[in-house]
Amino acid sequence: MTASRLELEQITCRYGETSVLADISLTVQPGEFVSILGPSGSGKSTLFKLLTGARRPEGGSMRFDGQTLDGTIRPFAFMPQRDALMPWRRIIDNTTLGLEVQGMRRAEARRRVLPLFSEFGLDGFEQHYPAELSGGMRQRAALLRTVVQDKPMLLLDEPFGALDALTRASMQRWLEEMWSQHDWTAMLVTHDVREAVYLSDRIYIFSPRPARVIREIIVDLPRPRILDGAARARSAEIEADILDTLFNAPNDATTTNPEEPR
Ligand code: ADP
């Protein structure tokens, strides 16, 4: 069996008195697309804060390629929930930002990103400002900025959450196509069941806060994900199974009004 790329063991995390992550153990293998699916407020974004070093867990261990994640290694390219493009920077300068932060000269960073503009559907928009682009284009620009950093693993926090349903569906399709062509490893946080099934190889279902992994689902759909015939029926079956699990999840939380999963 291959070694795990990312390995979390019995992670716990709390904000003051509030336990957010109760006991999270999970793995991501090289080349895998893994989703974390759970109700809003269950602690999914908190998990990313732990991975990116913005917070430290109270207990448990986190390893990447066998090395402890203690702030000395930075293997993740993180795409936050909102597009987080800087409104005053042109698209080209937004997409080079991650590389510039890593110390690359702007001219070299531009040479790296420019050939990717057409694949990301952004051809001709290099000199535009974010406000001049559609929501879907802004998200593609944010994803371009993330993948171009060439980190071993992508962390995607609800990347399409702010988009309308149609744009969202077309972005999911686009991302899946990109996924099938590139050798990426990714972890996606979402509360959208269909999105998780469509994009993932495996899904961990979180309980309401304090989060535990209540189930791990292997999505046995062929790639690329052309959902016709048997694949469409199988996908609907997996979605129904996940919804059952979420609705029957034990709720020992004191959360206020968590959103229902879609
Ligand atoms: P999710 O991403 O699943 O929606 P989060 O990880 O953002 O959930 O939040 C999990 C819980 O932790 C929520 O109930 C939220 O209110 C609480 N929380 C998040 N950030 C903080 C903070 N800085 N201080 C106190 N509580 C927080």
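Modeller: We take the domains, then their interface, then the ligand. This is a predicted model: local features need pLDDT of at least 70, side-chain atom pairs count only at pLDDT 80 or more, and totals for chains, interfaces and linings use all residues. Residues are numbered from 1 along each chain as its sequence is written, and side-chain values use heavy atoms, with hydrogens and water left out.

Biologist: Which residues make up domain 1 and domain 2?

Modeller: Domain bounds come from an automatic or database domain assignment. Here domain 1 is 1-75 + 166-262, and domain 2 is 86-150. Their C-alpha centres are 26 Å apart. Eight residues from domain 1 and seven residues from domain 2 form the contact (heavy atoms within 4.5 Å).

Biologist: How much area do domain 1 and domain 2 bury between them?

Modeller: Buried area is the accessible area (1.4 Å probe) that two parts lose on being put together, summed over both. Here the two domains bury about 610 Å², with 78% of it on carbon and sulfur atoms. Met171, Trp174 and Trp184 supply 64% of the area domain 1 buries against domain 2.

Biologist: Which residues surround the ligand?

Modeller: A residue counts if one of its heavy atoms lies within 4 Å. Among them are Tyr15, Val20, Lys44 and Arg209. A backbone N or O atom of Gly41 lies 2.7 Å from a ligand oxygen atom. For Lys44, the corresponding distance is 2.9 Å.

Conventions
Polar contact = N/O pair within 3.5 Å; in protein donor to acceptor, adjacent residues only side chain to side chain.
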